[in-house]
There are 2 protein chains.
Amino acid sequence: MGYRILEPADVPAYLHARGHWDDLDDIRVREVSDGNMNRVFLASNAAGTRGLAVKQALPWVRIAGPSWPMSPERADAEARAYEQVAGVAPDKIPAIHGYDADNYALVMEDMSDLEVLRTVLNEGAPYGPDTSRRIGEFVAQLTFATSDFGMPSAERKALVAASVSPELCKITEDVVLSEPYIEHEHNHWHPELDDLAAEFRADTRLRTEVADLRHTFMTSAQALLHGDLHTGSVMVGARDGAPVIRVFDPEFSFVGPIGYDIGLYWANVLVATARARALGTVTDHAAQLRLSWEGFESEFRRLWPTRVDTFFDDAYLDRFLRRVWTDAVGFAGTEIVRRIIGFAHLTDLTTLPDPVPASRATLRLGRQLILRRTELHHPEDIENLDAADTADGIRASQV
Amino acid sequence: MGYRILEPADVPAYLHARGHWDDLDDIRVREVSDGNMNRVFLASNAAGTRGLAVKQALPWVRIAGPSWPMSPERADAEARAYEQVAGVAPDKIPAIHGYDADNYALVMEDMSDLEVLRTVLNEGAPYGPDTSRRIGEFVAQLTFATSDFGMPSAERKALVAASVSPELCKITEDVVLSEPYIEHEHNHWHPELDDLAAEFRADTRLRTEVADLRHTFMTSAQALLHGDLHTGSVMVGARDGAPVIRVFDPEFSFVGPIGYDIGLYWANVLVATARARALGTVTDHAAQLRLSWEGFESEFRRLWPTRVDTFFDDAYLDRFLRRVWTDAVGFAGTEIVRRIIGFAHLTDLTTLPDPVPASRATLRLGRQLILRRTELHHPEDIENLDAADTADGIRASQV
């Protein structure tokens, strides 16, 4: 059976044929494609008591069309990541009902009752008490289980081999970890950031530090990552009165440095904070970086006694977590920078009435995170830097 | 066609059938298996003007027999490594005439006119002017070409996936990078090293540093390595009056930290120096560590302008080479230690009339290399350490 691109009208028969839906008379389908890359369909019954989502990877980037071809095999990476997480953190991802490798299609939990975290934050609502801590735990659970601490050496090497993802990693290597620091047609920015963009391109120290992070991204095969853990990859809400979180879209998954997942989330936290400050809607923003790190660290330490390889001692764990921290700080910086002067920007900033002051302050913060990552040891160090850069950014924009 | 284990009597027909040898009336074959793992046959004609070697991987470790099974797929790793090197350093490996994946057999250059470097050194002869420099160049040529500097990102990820070598890496992870520091039935040592062996097992700082090197070995996918670059993996000699070097046996090849290959060679250099000192046969030993590093560094720097990814700048190269150096120092230390109190020892020391003083001094040196690797910046720093530890070792053994 070959690959065919599903249209909404195909979905009922598709779900029926694959055993996911019995009653073809009681199914309605709508397309809800939202991300850049893929198509997503929601199927539901008339009573609204049943729902399923179908996500299909196209052989191109959805928003660009066939002119930007991209292998649909990214869905394999996504299915593999979900499979790994399902074993260790099933409460933090959508339920996966089936993966159809022929059609690069996942049949999964309907999450239409939940909201994308970025949307929640952009609307001025708080994170809620558990969100960031649980995202930190998610990273710990996925990465511990797929590290040399949680997985026997031979099994892990098979995972490394199965999880190489040349095409999607290349996007990160280019778009996140080099283009913003050189002249590139992808880059764009608000005209009032011209000076900073030029400054960044001319900053040889910054370039070398980014090169270092980039090589870490390319060579440090620590654990299976989500690979794109921004606030648009997280759904939040409540069911039966209890908070619910779902981390989704792990199609950029590969075996890489753990700090990359954490850093990506931090960058989004810091950008959301900048937005909230600009709008005067700061709620629980300040605690989130710390909460996510605490969630990560405490869960990783909780899992440590279960490690399969006890040659790694407690003193090594401390050192390892310190390195993950330092990498995370640096990757957070690169993610901030690329979201302001690189290819793909964030609505957190672009939808501000005046995006300039927040963008300038955040961009400066990003640079500091990259350059000074080995000097920053605690979440408070980053908070202090953030406050200083914000003040600086506001001063500069007032000049 | 299935896999069959070749016996000497099978080799003529085998070479003939595969197109390597025309005249079946003029071929003689002898077995010259020497390493621990595989069988090697030499075929030659009566006039002695033609020779070929056939190396076959058995489904077990040769010296142990079927009681220690091991996948013959290690020959695939060897063939892959030779293929990579053939493109960049063909003058430093045996000519490969063919690889028969069904039978895990390589047909290759007859090197019976050359000598194993360890044998040369054990007999008191010098390295010769070019040996160590060319080994350093070999590492640079192989690793640059298979790093993210020498190979496009996507191609390299395919190489990483193809080159995972769970079974052989596990041997190194266990035998080199953990067993000597814990109680393990594999370990053995001269009774007069009891105190040091116990001290090493009790040294928690040492354990943590080795854990760090071990995790680097397991996760740092920098470049394709030889994987077992000791002086028994190098043949030297002269042909037509010119020096010849052949690095062989890359069956432990995998994508790992470049410092591992360099460090392994250094450990062998330092052990050979200890032997020569003990016997009073020191020749050109002192220069070899420096020469191999210079060979590596200058060749890597020479190749740098040809890099496929120019985002990596010159300042990053300096930093990268510094890290390779530091890793190499640490791995050299682990290789020394395991060769004296671990599973497989070296004839350099075991054949000394009194192996104890040299073993004690070298073991101490190994520990210092592991513990102080970030403080040692130049070959002379290691030479000084070596001299101090030797003096110390001799004093201690005289007490």
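Me: What makes the meeting of the side chains of A:Asp249 and A:Lys55 a salt bridge?

Reply: This is a predicted model, and in it the N to O distance between those two side chains is 2.3 Å. The cut-off is 4 Å between a Lys or Arg nitrogen and an Asp or Glu carboxyl oxygen, so the pair A:Asp249 and A:Lys55 counts.

Me: Where are the two domains of chain A, and how many salt bridges does the rule find across their interface?

Reply: Domain 1 of chain A covers 1-110 and domain 2 covers 111-398. Across their interface the rule gives six salt bridges. It also finds 14 residue pairs in polar contact there, with both residues at pLDDT 80 or more.

Me: How do you know which element gives the largest share of the domain 1 side?

Reply: Strand S2 (38-44), strand S5 (65-69), helix H2 (74-88) and strand S7 (105-109) of chain A each give two or more residues to the side of domain 1 that touches domain 2. H2(A) supplies nine residues, the largest share.

Me: How much area do the two domains bury between them?

Reply: About 2,300 Å², with 57% of it on carbon and sulfur atoms. In domain 1 of chain A, the residues losing the most area to domain 2 are A:Arg80, A:Gln84 and A:Lys92, together 27% of what that side buries.

How values were computed. Residues are numbered from 1 along each chain as its sequence is written. Chains are lettered from A and ligands numbered from 1 in the order in which they are written. This is a predicted model: local features need pLDDT of at least 70, side-chain atom pairs count only at pLDDT 80 or more; totals for chains, interfaces and linings use all residues. Side-chain values use heavy atoms; hydrogens and water are left out. Domain bounds come from an automatic or database domain assignment. Buried area is the accessible area (1.4 Å probe) that two parts lose on being put together, summed over both. A polar contact is a pair of N or O atoms within 3.5 Å; within protein, one must be able to donate a hydrogen and the other to accept it, and residues adjacent in sequence count only if both atoms are side-chain atoms. Helices (H or I, at least four residues) and strands (E, at least two) are DSSP runs, numbered from the N terminus.
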